[in-house]
Amino acid sequence: MFEETLDAGAFGYFTGGADDEVTLRDNVAAFRRWRLRPRMLVDVSAAKSETTVLGTPISMPLVVAPTAFQRMAHPDGEAATARAVAAAGTVMTLSTIATAAPADIAEAAPNAPRWFQLYWFKDEAVTRALVEQAVAAGFKAIVLTIDAPGTLGRRERDLRSGFTVQAPIPAFEAATGRPSGVTPAEVFSLIESCLTWRDLERLRGMSDLPVVVKGLLTREDARLAVDAGVDGIIVSNHAGRQLDTVLAGIDALPEVVDEVGDAAEVYVDGGVRRGTDVLKALALGARAALIGRPVLWGLAAAGEPGVRDVLEICRREIDLGMRLLGCAGCGAITRAHVQQGPAPSS
């Protein structure tokens, strides 16, 4: 359906991953290798899926991940997503390379909590200006992506299609003055490649907002992130779009959680397709999971109502799954509720 609805280049960009797309596929398959262990005769009559992220109440432990160029999926783009996420009562994360500016999202959903995903540009003045835009537009956190050091994973679908972005990219325009017709690789070439953990202090100095880092997969980097004073960590492999054959996010999650403890909130993205996936993430220690591509498909199918439908389906699945798992709240879900096993044959 979506291949017929979208431009071929846009479809390839949204659906594809790096190299042989091993990690792209494994992000989904890995959730199937984790099996739920329900407990019986638990009072779930008042079960609720509400939780908090960085102190912000949300309706369910699911946050919308940053996805770029949403106006290529639907003319209303990120504004439609923002309205749908606001209606669902959770958090939207706006990409630096969105086809809408932070102020546009604040106007579309003025009372909704929102995070801003940041790429650190070689021109630090651009980076600082982006943070200032996010602060002025009332965003609640800065999410620094750290797994794209000035270079794009080899996304062969994009190379075959010659994909270019035919939509405004406010951040890119600010950096280069070029309004459209660029490739993702050209965008990423402007991102700084020499950042280290020491540079996070400079980011914290740009605003009073909490700082979340997105894109680590190891306990070693989790320790460095905590030592650098981050408020949150998103365990992520960039949806399988950067280095192929790395760990799926859900498989990397336990070691990061064990290393971090209570020093920062931990989240996970990549491959979330069902409410049961969210429950598995919580059982392995995540505060919440992030969802990306299903939101894009909802947007492409029906705009704002499509995104609302995706999030409502997820909410119903989470609520039902919690009750059947024998958990009356997010805090009741523990590692005792999951175990690893072979992936189902179908």
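Reply: An axis here is a line fitted to C-alpha atoms, for helices over the stretch in contact, and angles run from 0 to 180 degrees between N-to-C directions. Helices (H or I, at least four residues) and strands (E, at least two) are DSSP runs numbered from the N terminus. The model is predicted, so local features need pLDDT of at least 70 and side-chain atom pairs pLDDT 80 or more, while totals for chains, interfaces and linings use all residues. Residues are numbered from 1 along each chain as its sequence is written, and side-chain values use heavy atoms, without hydrogens or water.

The part to look at is helix 14, which covers residues 293-325, together with the helices that touch it.

Begin with helix 13, residues 275-283. Its axis lies 7 Å from that of helix 14, and the two pack at an angle of about 55°. This makes helix 13 oblique to helix 14 (under 35 degrees is roughly parallel, over 145 roughly antiparallel, 65 to 115 roughly perpendicular, the rest oblique). On the side of helix 13, G275, V278 and L279 make the contact (heavy atoms within 4.5 Å). On the side of helix 14, the residues are C314, E317, I318, G321, M322 and L325. Six residues of this contact are nonpolar, two are polar and one is charged (Ala, Val, Leu, Ile, Met, Phe, Trp, Tyr, Cys and Pro are nonpolar; Asp, Glu, Lys and Arg charged; the others, Gly among them, polar).

G321 belongs to helix 14, and its relative accessibility of 13% makes it count as buried (under 20%; exposed is over 50%, partly exposed in between; 1.4 Å probe, protein chains only). Between the C-alpha atoms of G321 and A167 there are 39 Å in space, and the two are 154 residues apart in sequence.

Helix 2, residues 8-15, also meets helix 14. Their axes come within 10 Å and cross at roughly 155°, and therefore the two helices are roughly antiparallel to each other. F11, F14 and T15 of helix 2 make this contact with R293, L296 and W297 of helix 14. Four of the contact residues are nonpolar, one is polar and one is charged. In the loop between helix 2 and helix 3 (22-33) sits E21. E21 is not a glycine, yet its phi is positive, about 60°. With a relative accessible area of 11%, E21 is buried.

Helix 4 is another neighbour: its buried residues pack against strand 4 (62-64), strand 5 (92-94), helix 5 (102-108) and helix 14. Helix 4 spans residues 77-88, 12 residues, and reaches 17 Å from its first C-alpha to its last, close to the 16 Å expected (1.5 Å times one less than the number of residues). Nine of its 12 residues are buried, so helix 4 is largely enclosed by the rest of the structure. Those buried residues are G77, E78, A79, A80, T81, A82, A84, V85 and A88. After helix 4 comes G89, with a positive phi near 80°.
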